[in-house]
Amino acid sequence: MTYDANNIFAKILRGEIPCHKVYEDEDVIVFMDVMPQSTGHALVVPKASSRNLLDADTAVLAKLLPLVQKVASAAKVAFSADGISIMQFNEPAGGQTVFHLHIHVIPRFDGVSLKPHTGKMEESAVLASHAEKLKAALSAVV
Ligand code: AMP
């Protein structure tokens, strides 16, 4: 399978459509998932083009996981989470719906089940407020 530069995350990376941005450096952007499975669900997206984990450059992956760790730590603090789920899907059979590599960072709360994957769109004001909370917590660790 090939990389399609018209996928929605590529458009976000090119600034063609907006996102609720939390963090950006030369290699990675972090923004809120518009259909969060839990409060504070964020996506860590490398800027390098790859369809998913299977075709990603190992140098990109080596830089990615340390930032995922920081975002996870920040999310736990920002949302007073009891735990964090890290998810990553590959190809339609693996549950992937957007074909640009990304890692889901999902705060978890004792006794609370995850909402469905790509379920209900969250209100923009809520996403903006969650992005600000996560940004503030992340700035303490990056
Ligand atoms: P996956 O199924 O792993 O490819 O996940 C794609 C994720 O992207 C889903 O959780 C969607 O809710 C989320 N998503 C889709 N479009 C957007 C968008 N424009 N901005 C932020 N998140 C999005």
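Contact here means heavy atoms within 4.5 Å, and axis angles run from 0 to 180 degrees between N-to-C directions. With that said, helix H3, residues 124-139, lies across strands E1, E2 and E3. Its direction runs at about 35° to that of E1. Please keep in mind that what you see is a predicted model.

Now the sheet itself. Five strands make up an open sheet, and reading across, the order is E1-E2-E3-E5-E4. The pairing is antiparallel. At the edges sit strand E1, residues 21-24, and strand E4, residues 83-87, each of which pairs on one side only. Ignoring direction, neighbouring strands are turned against each other by 20° on average.

Strand E5 covers residues 103-108, and E4 and E5 are joined in the antiparallel sense by five bridges. Within that pairing, Met87 has His104 of E5 as its bridge partner.

On to the ligand. Which residues come nearest to it? There are 18 residues around the ligand, and the nearest are Asp33, Thr97, Val98, His104 and His117. For Thr97 the distance to an oxygen atom of the ligand is 2.7 Å. For His104, the bridge partner of Met87, the distance to an oxygen atom of the ligand is 2.8 Å. For His117 the figure is 2.5 Å, again to an oxygen atom of the ligand. How much of the ligand does the protein cover? On its own the ligand has 500 Å² of accessible area, and the protein covers 93% of that.

Is Asn7 buried or exposed? The cut-off for buried is under 20% relative accessible area. Asn7 has a relative accessibility of 8%, so it counts as buried. A polar atom of the Asn7 side chain lies 2.9 Å from the backbone nitrogen of Ala10. Setting aside neighbours within four places in sequence, Asn7 is in contact with Val98, Phe99 and His100. Val98, you will recall, is also among the residues that come nearest to the ligand.

Key
Residues are numbered from 1 along each chain as its sequence is written. This is a predicted model: local features need pLDDT of at least 70, side-chain atom pairs count only at pLDDT 80 or more; totals for chains, interfaces and linings use all residues. Side-chain values use heavy atoms; hydrogens and water are left out. Two strands pair if DSSP finds at least two bridges between them. Helices (H or I, at least four residues) and strands (E, at least two) are DSSP runs, numbered from the N terminus. A residue is near a molecule or strand if one of its heavy atoms lies within 4 Å of it. A polar contact is a pair of N or O atoms within 3.5 Å; within protein, one must be able to donate a hydrogen and the other to accept it, and residues adjacent in sequence count only if both atoms are side-chain atoms. Accessible areas come from the Shrake-Rupley method with a 1.4 Å probe; for residues, only the protein chains shown count as cover. Buried means under 20% relative accessible area, exposed over 50%, partly exposed in between (1.4 Å probe, protein chains only).
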